[in-house]
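Me: I would like to go through a structure with you before I set up any calculations. Please begin with whatever term I shall need for describing helix packing.

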Amino acid sequence: MNSYQFRHSSEKETYVRSVFAAIADRYDFLNTVLSFNQDKYWRRFAVAKAALPANGTALDVCCGTGMLSLELAKSAQGAKVTGLDFSREMLAVGQEKITKSGFGDQIQLLQGNAMKLPFPDNTFDCATIGFALRNVPDIKQVIGEMRRVVKPGGRVVSLELAKPSAFGFKQLYYLYFEHLLPLFGKLGVGVDGPYRWLPESLRQFPHQEVIRDYFAEMGLQHSTYDELTGGIVAVHVGSK
């Protein structure tokens with residue numbers, strides 16, 4: 001599907017699933033390289049916003065290879081983190097990483113769908129999603145599901161690519177993101193499609209101000225966001 005025009009949400013879900021299956025074993029390495037090693041800083045910032053307490057519980061939605069889940073586990077003594085993703089391939093890479101990390105007793109990875117989280121209401125102290133909100137079939141539904149499973153007073157946090165506005169930097173960024181990054185990604189994974197979807201997924205994704213409004217619309221209080229690295233990434237946070 002070269003035009004990326006999905007007639008039904010299930011078509012987008014199927015396509016995104018195939019993308020991550022194709023790049024699972026190179027995903028973390030390429031994220032670090034293509035972000036110029038900024039991805040580590042972005043994850044630490046997002047986890048700080050989640051404010052996971054000692055011995056608390058966190059849900060990492062669309063956890064992929066578990067990088068954000070690991071950061072959550074490191075952030076609070078005795079924390080228990082559940083990572084959920086629909087991709088078996090990404091989870092397999094994540095499980096191997098977590099087993100070697102020394103945090104295996106704090107992190108559990110599950111296969112599941114972000115559109116219908118398999119947890120009761122008011123289960124977790126916080127819920128996070130990293131670099132995945134633009135890939136889900138229905139953004140508001142996923143935000144609403146994250147809010148549902150968080151305890152009153154808990155936080156919902158999204159770490160996601162954003163749309164920079166500073167003149168000059170914006171033009172340079174889109175030159176890199178739309179032309180050079182797909183080329184480097186193809187060289188890294190050996191196939192063309194996955195890193196062409198990346199700029200397209202951002203093109204289709206709402207501006208960070210709109211995502212903030214979605215947070216508020218889905219019942220999250222004090223919804224706000226921070227722009228990082230010149231506005232190429234945004235961290236949204238709201239409280240239940």
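Reply: A crossing of two helices is left-handed if the near helix is turned anticlockwise from the far one by less than a right angle, and right-handed if clockwise. The model shown here is predicted.

Me: Which hand does the crossing of α6 and α9 have?

Reply: The crossing of α6 and α9 is right-handed.

Me: And at what angle do helix α6 and helix α9 pack, and how far apart are their axes?

Reply: Helix α6, residues 139-149, and helix α9, residues 208-217, pack at an angle of about 50°. Their axes are 9 Å apart. The two helices α6 and α9 are therefore oblique to each other.

Me: Which residues make that contact?

Reply: On the α6 side, the contact is made by Ile-139, Lys-140 and Ile-143. Helix α9 contributes Ile-211, Tyr-214, Phe-215 and Glu-217.

Me: Let us step back to the whole chain. How many helices and strands are there?

Reply: The protein has 9 helices and 7 strands. It comprises 240 residues, and 53% of them count as buried. The accessible surface comes to about 11,100 Å², with 53% of that area belonging to carbon and sulfur atoms.

Me: What share of the contacts joins residues at least 24 apart?

Reply: The share is 71%, taken among contacts between residues at least 6 apart in sequence.

Me: What is Trp-42 in contact with, beyond its neighbours in sequence?

Reply: Leaving aside neighbours within four places in sequence, Trp-42 is in contact with Ser-35, Phe-131, Leu-159, Leu-228, Thr-229, Ile-232 and Val-233.

Me: Switching to Ile-129: where is it found, and is it buried or exposed?

Reply: Ile-129 is found in strand β4, residues 124-130. Its relative accessibility is 1%, and because buried means under 20%, Ile-129 counts as buried.

Me: What does Ile-129 touch, not counting residues up to four places away?

Reply: Ile-129 touches Asp-60, Val-61, Cys-62, Leu-68, Val-142, Met-146, Val-157, Ser-158 and Leu-159. Between Ile-129 and Val-61 there are 68 residues of separation in sequence, yet 4.9 Å in space, C-alpha to C-alpha.

Me: I also noted two residues in helix α4, Ser-69 and Glu-71. What does each touch?

Reply: Not counting residues up to four places away in sequence, Ser-69 touches Asp-60, Cys-63, Val-81, Gly-83 and Ile-107. Under that exclusion, Glu-71 touches Arg-43, Arg-44 and Val-47.

Me: Is Ser-69 buried or exposed?

Reply: Ser-69 counts as buried, at 0% relative accessibility.

Methods: Residues are numbered from 1 along each chain as its sequence is written. This is a predicted model: local features need pLDDT of at least 70, side-chain atom pairs count only at pLDDT 80 or more; totals for chains, interfaces and linings use all residues. Side-chain values use heavy atoms; hydrogens and water are left out. Helices (H or I, at least four residues) and strands (E, at least two) are DSSP runs, numbered from the N terminus. Buried means under 20% relative accessible area, exposed over 50%, partly exposed in between (1.4 Å probe, protein chains only). Contact means heavy atoms within 4.5 Å. Accessible areas come from the Shrake-Rupley method with a 1.4 Å probe; for residues, only the protein chains shown count as cover. Axes are lines fitted to C-alpha atoms, for helices over the stretch in contact, and angles run from 0 to 180 degrees between N-to-C directions. Angles under 35 degrees count as roughly parallel, over 145 as roughly antiparallel, 65 to 115 as roughly perpendicular and the rest as oblique.
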